[in-house]
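Trainee: I would like to learn how to read a fold from its elements. Where do we start?

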Amino acid sequence: MSIEAELREEYDRWERREITYIKALPYVLLAISTLITLLQPLWGGPQVIAAALGLTLAMTVWLVGLYTLSPKWHRNAPLMGLYYIGLMVLSAALVVTAPWYGIFAFVGYPHAFLFLRSGWRYVGVAATSAIMSISYVGGIDRIDDDGWWLWAAISVVSTALAAAFFRSATVSDQHSGKQREALAALHQANVKLEAALEENAGLHAQLLVQAREAGVLDERQRMAREIHDTLAQSLAGILTQLQAAEQVLDDPSAARRHVTTALGLARESLIEARRTVHAVEPHALAEAKLPDAIGEVTRRWSAAHEIPASLTTTGDPRPLHAEVEVTLFRAAQEALNNVAKHAHADRVGLTLSYMDDLVTLDIRDDGVGFEPAAARRTPGGGFGLAGMRQRVQRLAGRLDIESEPGAGTAISATVPAIPAGGAQ
């Protein structure tokens, strides 16, 4: 159990005990006062005893009817004021009849605190003190020309002491009320916190599921991009070389050259496939810097397809994060592969630009061009461009494609220049 719950339970237990005592107090004091009165010598005769018992019965009926059986009336200030006036009148009558009922008159103090408001509480205190002082001086008969001053002095002293106690009790009650409010607010805060923790646990579980699903999807997309960028392109290159060899079978040296190129592509494809499965960076990047790797790919592509192609590097070349270099390297491969398959270009130019916060790879050709929007709408087509865009966007980069039929194509991949070893 929390400390807050223990405190609330302790307060509730204390309040229940206090309410029980206060409810029983008038009847206990009335019974004690009546018993002592009946045990005293009958100085007033049977008439006094009868009057005392009659007033005791009337007081009991008053208490039961307006106090015990009507708790819903306790918040009605005017009605409880009337109840208190009746309590004081009957108490005064009892004390005047038999001084020992001053014991019962003490009830006026707690009931003034419970049922009267603001300054009226102190009026009730003064009335209770005056009635009880009759008992202190020995009865109403003692208040004569020589005894009234004693009654008055006792009344004043009793009123002052009771008022001081009431002031302290009022402050204590206000403090207790604030503590109860604070505990109630703390309880509500704990309830909200528990609800928030439960909701957070549910959201956490949901996020784990979504993260797992996103991880699976991301891995599938990675594998698809890698297969496209390695196996698919290599197989396309192999097929192109074998078709070229088939067309020059009457020239053994030319056919042998195409077959040798196809074998080289097959060996490289096998190496790249193994590296893809193990999520290792491309072999070309493992052996050289990014500008050199792209330059070598460009040179070999140009030789294989007999299309002039060159790479220009600007800015300050520097080591970048592995995924940045892989993204730009694969973009170069994909762009060159698309030129070979679709562009029918006579020349290709690549520019790798290093800037302060960005690095950009531009690929331009003078081929037949195409309509970028139409390519995106083609079902099952354009996966290379889509994979290139996914790679770039994973790094919070941007891929721009400018092309139109008959005017060539320009592709620009821009990504943050994250240094090697830096956080993504």
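Mentor: Start with the terms. Helices (H or I, at least four residues) and strands (E, at least two) are DSSP runs, numbered from the N terminus. Two strands pair if DSSP finds at least two bridges between them. Now the ground rules. This is a predicted model, where local features need pLDDT of at least 70, side-chain atom pairs count only at pLDDT 80 or more, and totals for chains, interfaces and linings use all residues. Residues are numbered from 1 along each chain as its sequence is written, and side-chain values use heavy atoms, with hydrogens and water left out.

Trainee: What is the strand order in the open sheet?

Mentor: The 5 strands run S1-S2-S3-S5-S4, with mixed pairing. S1 (309–314) and S4 (398–403) are the edge strands; each has a single partner, so one side of each lacks a neighbour in the sheet. From one strand to the next, the twist averages 10°.

Trainee: How many bridges join S2 to S3?

Mentor: There are 7, between residues 348–354 and 358–365, and the two strands run antiparallel.

Trainee: Is Thr 351 buried or exposed?

Mentor: Buried means under 20% relative accessible area, exposed over 50%, partly exposed in between (1.4 Å probe, protein chains only). Thr 351 has 14% relative accessibility, so it counts as buried. Thr 351 lies in S2. Beyond four places in sequence, its contacts include Leu 311, Thr 314 and Arg 364. Thr 312 is 39 residues away in sequence, yet 4.7 Å away C-alpha to C-alpha.

Trainee: At what angle do H3 and H5 pack?

Mentor: H3 (residues 77–97) and H5 (residues 108–115) pack at about 170°, with axes 10 Å apart. Angles under 35 degrees count as roughly parallel, over 145 as roughly antiparallel, 65 to 115 as roughly perpendicular and the rest as oblique. H3 and H5 are therefore roughly antiparallel.

Trainee: Which residues of H3 and H5 meet?

Mentor: From H3 come Met 80, Tyr 83, Tyr 84, Leu 87 and Met 88; from H5, Gly 108, His 111, Ala 112 and Phe 115.

Note on methods
Axes are lines fitted to C-alpha atoms, for helices over the stretch in contact, and angles run from 0 to 180 degrees between N-to-C directions. Contact means heavy atoms within 4.5 Å.
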